[in-house]
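The stops below are meant to be taken in order.

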Amino acid sequence: MTSAAADTTAGISPRPEAQRRVLAVLVSSQILSGAGLAAGITVGALLAQDMLGSTDLAGLPSALFTAGSALAAVAVGRISQARGRRPGLAAGYLTGAIGSAGVIAAAVADSPVLLFMALFVYGAGTATNLQARYAGADLAAPAHRARAVSTVLVATTLGGVVGPNLAAPTGTLADSLGIPTLAGPFLLSGAAYALAALVLAVWLRPDPLLLARSLDLQQPTQTTAAKPRGPGLIPGALTMILTQLVMVAIMTMTPVHMHDHGHGTAASGLVIAIHVGAMYLPSPLTGWLVDRYGRTVIAAASGLTLLAAGITAAAAPADSVALLALALALLGLGWNLGLVSGTAMITDAVPLATRAKTQGMVDVSIAIAGATGGLSSGLVVSAAGYPVLALTGGFLALAVLPAIAATASSR
């Protein structure tokens, strides 16, 4: 066995210096992209509600940019498979920047049709932000994959927390430029996504996926006993699909719920900032827990945490920003537990030869789940109210548990 293979088996990256550089560049780009994706979360639903004068379709923006992220996940995955992570991720962020510009143009023209088209394109940034986590694991040893994924995810925290809190200042900037106030955060997202694309295009060298393939070819064929055993592709995908659907549905309607009960943009921005922080900030701890206690244990914990989030959101008085913030923090934490554990399952199960393409297709399913959650959330709130949406989402998250139990019993 070569030294590279031995190091990998021992839990050490075969190219630690390259892995450190890759993670440093990914962290830089994720800080920028975190600010970009936060714009749509914070004001997308409010912008649509303002244009249409109705809550019924307030969930449509979230559905559109998550549907757009589904298409982008396929494209980024295929580009990465053929040419490497660097061109795939850079192209995805650049597309997100173009979508942000389209949202601003739609707001100026007061065109709902253009808004919806632009939000679809804007979704590419969300897909790329998630795809970047896979790049962090390409050169990581199996024993450290969850921690490598978590390093990339946690970098999104800074931009993701700062972004929503800039909703009011960017709105003021938009006013001074003759742009509708609610479109202001998309000025930030456009610039952030464009800079993230530039960072990756210039500095993500060596390309982690291409280097990992090259190193893999230099190693002898692993025996069946040496191959890492894990829960598999289906449990990992199902965990991420369910957590995404529940998270997007409740998250999308929380700013609308707060707005309808007299809270301003600053209050909803604070709640979303706490939510985004909870989505990404616990990542280092989550990665350690996944590597230490196993993928299935943490995946099961995600379902229970999302249930607690749904119950808290449903029980929170509409005038209580603190309790809504707690509910959204639990929602973000549950999503984080599901994403890190599910990503580790997928990476364990898929060989390097088809890894990027398969990961892209899995993220398509995740994006479709998010689109379903976003689109249905407005309809549920309009028909039955926000508490019903929150409770339904919380109990739906428990569907993770039978899948995890079935996986555990079959091993």
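Exposed stands for over 50% relative accessible area, buried for under 20%, and partly exposed for what lies in between, with a 1.4 Å probe and protein chains only. Helices (H or I, at least four residues) and strands (E, at least two) are DSSP runs, numbered from the N terminus.

Now extend the selection to residues 283–293, the whole of α12, where Ser283, Thr286, Gly287, Val290 and Asp291 are buried. These residues share the same side of α12 because they cover an arc of only 130° around the axis; the arc is taken from the directions from the helix axis to the C-beta atoms. After α12 comes Gly294, with a positive phi near 105°.

A note on what is being viewed: this is a predicted model, in which local features need pLDDT of at least 70 and side-chain atom pairs count only at pLDDT 80 or more, while totals for chains, interfaces and linings use all residues. Residues are numbered from 1 along each chain as its sequence is written, and side-chain values use heavy atoms, with hydrogens and water left out.

Next, select 295–315 and 321–349, which are helices α13 and α14; they pack at an angle of about 160°, and their axes are 8 Å apart. Axes here are lines fitted to C-alpha atoms, for helices over the stretch in contact, and angles run from 0 to 180 degrees between N-to-C directions. The angle makes α13 roughly antiparallel to α14. Angles over 145 degrees count as roughly antiparallel, under 35 as roughly parallel, 65 to 115 as roughly perpendicular, and the rest as oblique. α13 passes α14 in a left-handed crossing, a term for the near helix being turned anticlockwise from the far one by less than a right angle; clockwise gives right-handed. The contact of α13 with α14 has 18 nonpolar, seven polar and two charged residues. In these classes, Ala, Val, Leu, Ile, Met, Phe, Trp, Tyr, Cys and Pro are nonpolar, Asp, Glu, Lys and Arg are charged, and the others, Gly among them, are polar.

The axes of α11 and α14 come within 7 Å and cross at roughly 25°, so the two helices are roughly parallel to each other. Their crossing is right-handed. Residues of α11 that meet α14 include Val271, Ile274 and His275, and the α14 residues include Leu324, Leu328 and Trp335; contact means heavy atoms within 4.5 Å. By class, this contact has 13 nonpolar, three polar and no charged residues.

Which residues does Gly232 touch, not counting those up to four places away in sequence? Select Gly232 in the loop between α9 and α10, then show Met345 and Ala349, the residues in question. Gly232 counts as buried because its relative accessibility is 16%.

The last pair is α5 (residues 112–137) and α8 (residues 184–203), whose axes come within 11 Å and cross at roughly 50°. α5 and α8 are therefore oblique to each other.

Finally, clear the selection and view the whole protein: 17 helices and zero strands, with 58% of the 411 residues buried.
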